[in-house]
Amino acid sequence: MKTLIRTAATVAALATAAVACTSTTAGAPPKPRTSSLGAIRLVAYTGCDDLLSGLREHAAQRVTPYGFDNVMPLAYMEDSARSVTPNAKTSTPEHSTTNVHEAGVDEPDVVKTDGDRVITVKDGVLRIIDTATRKVTGSLKLTEGENGPGVPADLLVSGDRALVLMRGGDIMYKRMAGFAPPGDTRYVLVDLSGRPKVLSTIKPQGSYVDARMVGSTVRLVTRSQPDIAFPEFKEDVSEAERVQRNQAAVRQAPADAWLPKIEITDASGTVKKDSVKCERVSHPADYTGTSLLTVHTLDLAQGVTAAGTDPISLAADGDIVYGTGSSLYVASNPRWWMPVVISEPVVETPAATPSPGDAAPAVEPTPTSPPVSDTPTPSPEPTIPPEETEVHRFDIGSPGAPSYVASGKVPGRLLNQYSLSEYDGHLRVATTLTSPDGKNSSSAVYVLKADTMARTGEVGGLGEGERIYSVRFIGPVGYCVTFRQVDPLYTLDLRDAAAPKVTGELKITGYSAYLHPGAEGRLIGIGQEASEKGRTLGTQVSLFDVSDPAAPRRLSQLFQKDSGSAAEWDPHAFLYWPKTGLAVIPLSRQTESGGLVLKIDDSGVTKLGMIKHPGKDEYQAGIERALVIGDSIWTLSYDGIQVNDAATLAQQAWIPLR
């Protein structure tokens, strides 16, 4: 007997993983499962008995012979849009800040500056650099008893407080597996006012998804799975029995197995342990019970108060976070599905006579196994899960814990957080929908009411046979790039939420993987040039004239052969300084690595030069981030920070970080 196994696989630019889920008879074509799309009502549990009953039953329905499916979509590293921070005082130099999606909503990154200080975290060490003297004035090791190198971490900074978000472990493993080993996720609050010191350490259960900060208030999103010990099986136990026993384990698990735990250690070493309360867990009408999203709230100005991080949870999954000043959205992309053919031992009846080529002897039925029959019982055909994205909205407009608002579904999958945009009481969502056989695809933009997440309008048919490579919403206008062999740049009119429409289209070779607003009527694209057959040739920076939505056109293109830039997939790596038109992107090629410095004005893109860091190792000398502070460009690499004159690019200082 051959078995088709439904496999949930995380597929992204770098990795693919698969996990077995359900089985059927080979040769039976999988049937797509239909579902109702639109708003999903959120329901709060009335107490622990209600929570336990619901989570047990929903989770039991999702059990496989191997426990729960732990694979989770690979989160893209995304984020974008540099803003200028006004001078807090006359002596503070003008400076750039992290390139974020929405103005006023800060995003975690490896380096932050307030103009007077540059704060960075690398290999488990936080460092403070004075921008006047260009010297390290303070450092704090955050990985005592651990191997610091390789520990991924990001920062959020407000005044003299920094929150270090430490993921721990191998980042690719964490993202592919969908969870971090216990204790790996930590949020460390640090006082920067004098010699840096730890004020508190927060250890939530589960894996860190993302965070957003408005003012000094941070919302932290983690994902956890129920802590259930499934039985161990011998090799001869059938899949049916494995499922049955695993379901029994789920139905006997206490409520505590689902409720996310949190451990807070203060500066004195006192540890406080807590968990999310049953009445602070909600769920959509349709949910699996195999994962919970938890939102923690922390005001950096106040520190960890008696209420801890005031967590709330939702019985849902999620891997993409998007935030505005009043809303926090968490979206869960559909998992990649593919049938995989494997061989199983042949099951013989007692009357059968073994022959020399048989795979295995007859298997005796057990009291809990179905009896062996001469007539094979057909298994149900595999059901293809619908390719659709769930989006959950939280209201963060008031101090303290957020409140749930609603959830919705749209067909297809998101590219990253830039596929989401809230404007004028509506959420715009751009997705690509691929056919079950993978041969056909098309993209669309859906408009949902933010208060109910009910669909009000949509425009589809974008890039038939292609997928979305970049999206940018700017007010009532949207821009979408799809690609397979050529790059159609679509302009969208989204003023009428009930009737969004395509207003223009530009077809050129290559694609833009990141779109950034430039001067009035201008759009900057970072991506790859490509041949007419779709083969990528190297980094390109494009300037588009979008002043006429019906006729977008490319004004200028700068092409760097056989190269790539991290800014294509990580917008935090892109620096754009509107005051002078200065732009910096990391650039890597076989012969060199550094920061490509550009001038982007109203009419074109001009190369000014390359900033290179010392070191023979291209990885360690590769530039990760760039900042403008006063009249200088500060660039960060693995080995250190270099300061260059913004006008001449002459080196002014080198600050080693190792």
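This is a predicted model: local features need pLDDT of at least 70, side-chain atom pairs count only at pLDDT 80 or more; totals for chains, interfaces and linings use all residues.
Residues are numbered from 1 along each chain as its sequence is written, and side-chain values use heavy atoms, with hydrogens and water left out.

Colour the chain by secondary structure to begin with. The protein chain has four helices and 49 strands; both are DSSP runs numbered from the N terminus, with helices (H or I) of at least four residues and strands (E) of at least two. Among contacts (heavy atoms within 4.5 Å) between residues at least 6 apart in sequence, 57% join residues at least 24 apart.

**An open sheet**

Select strands E12, E13, E14, E15, E18 and E19, which in that order form an open sheet of six strands with antiparallel pairing; two strands pair if DSSP finds at least two bridges between them. At the edges stand E12 (153-158) and E19 (271-275), each of which has a single partner strand, so one side of each is left without a neighbour in the sheet. Neighbouring strands of this sheet are turned by 20° against each other on average, direction ignored, where the axes are lines fitted to C-alpha atoms (for helices over the stretch in contact) and angles run from 0 to 180 degrees between N-to-C directions. Within the sheet, look next at strand E15 (residues 197-204) and strand E18 (residues 261-266), which run antiparallel and are joined by five bridges; here Thr201 has Thr265 in E18 as its bridge partner.

**Aromatic pairs**

Now show the aromatic side chains. The structure holds eight aromatic pairs, a pair being rings of Phe, Tyr and Trp (its six-membered ring) whose centres lie within 6.5 Å, with planes under 30 degrees apart counted as stacked, over 60 as edge-to-face and the rest as tilted. Select Tyr187 and Tyr208: their ring centres are 5.9 Å apart and their planes stand at 70°, so the pair is edge-to-face. Because Tyr187 lies in strand E14 (residues 186-191) and Tyr208 in strand E16 (residues 207-214), the pair ties together parts that are 21 residues apart in sequence. Tyr187 is buried, with a relative accessible area of 1%, and Tyr208 is buried as well, with a value of 4%.

Move on to Tyr469 and Phe483, whose rings have their centres 5.3 Å apart and their planes at 75°, so this pair is also edge-to-face. The pair links distant parts of the chain, 14 residues apart, with Tyr469 in strand E33 (residues 467-474) and Phe483 in strand E34 (residues 477-483). Both Tyr469 and Phe483 are buried. Elsewhere, Tyr418, Tyr514 and Phe574 form one aromatic cluster.

From Phe483, follow the chain onward. A hairpin joins E34 to E35 through two residues, and the two strands run antiparallel with five bridges between them, Gly478 having Leu492 in E35 as its bridge partner. Strand E35 (residues 486-493) is mostly covered, seven of its eight residues being buried. Eight bridges join E35 to strand E36 (residues 501-509), again antiparallel, and in E36 the bridge partner of Val486 is Thr509.

Select His426, which is found in strand E30 (residues 426-434) and is buried, with a relative accessible area of 17%. Leaving aside residues up to four places away in sequence, His426 touches Ser421, Val447, Leu448, Lys449, Ala450, Thr456 and Ala497. The side chain of His426 reaches the backbone oxygen of Asp424 at 3.1 Å, a polar contact in the sense of a pair of N or O atoms within 3.5 Å, where within protein one must be able to donate a hydrogen and the other to accept it, and residues adjacent in sequence count only if both atoms are side-chain atoms. The C-alpha atoms of His426 and Met453, 27 residues apart along the chain, are separated by 8.3 Å.

Finish at Arg455, found in strand E32 (residues 455-462) and partly exposed, with a relative accessible area of 30%. A polar contact of 2.7 Å joins the side chains of Arg455 and Glu458, while Val410, 45 residues apart from Arg455 in sequence, is 8.5 Å apart in space, C-alpha to C-alpha.

Key
Buried means under 20% relative accessible area, exposed over 50%, partly exposed in between (1.4 Å probe, protein chains only).
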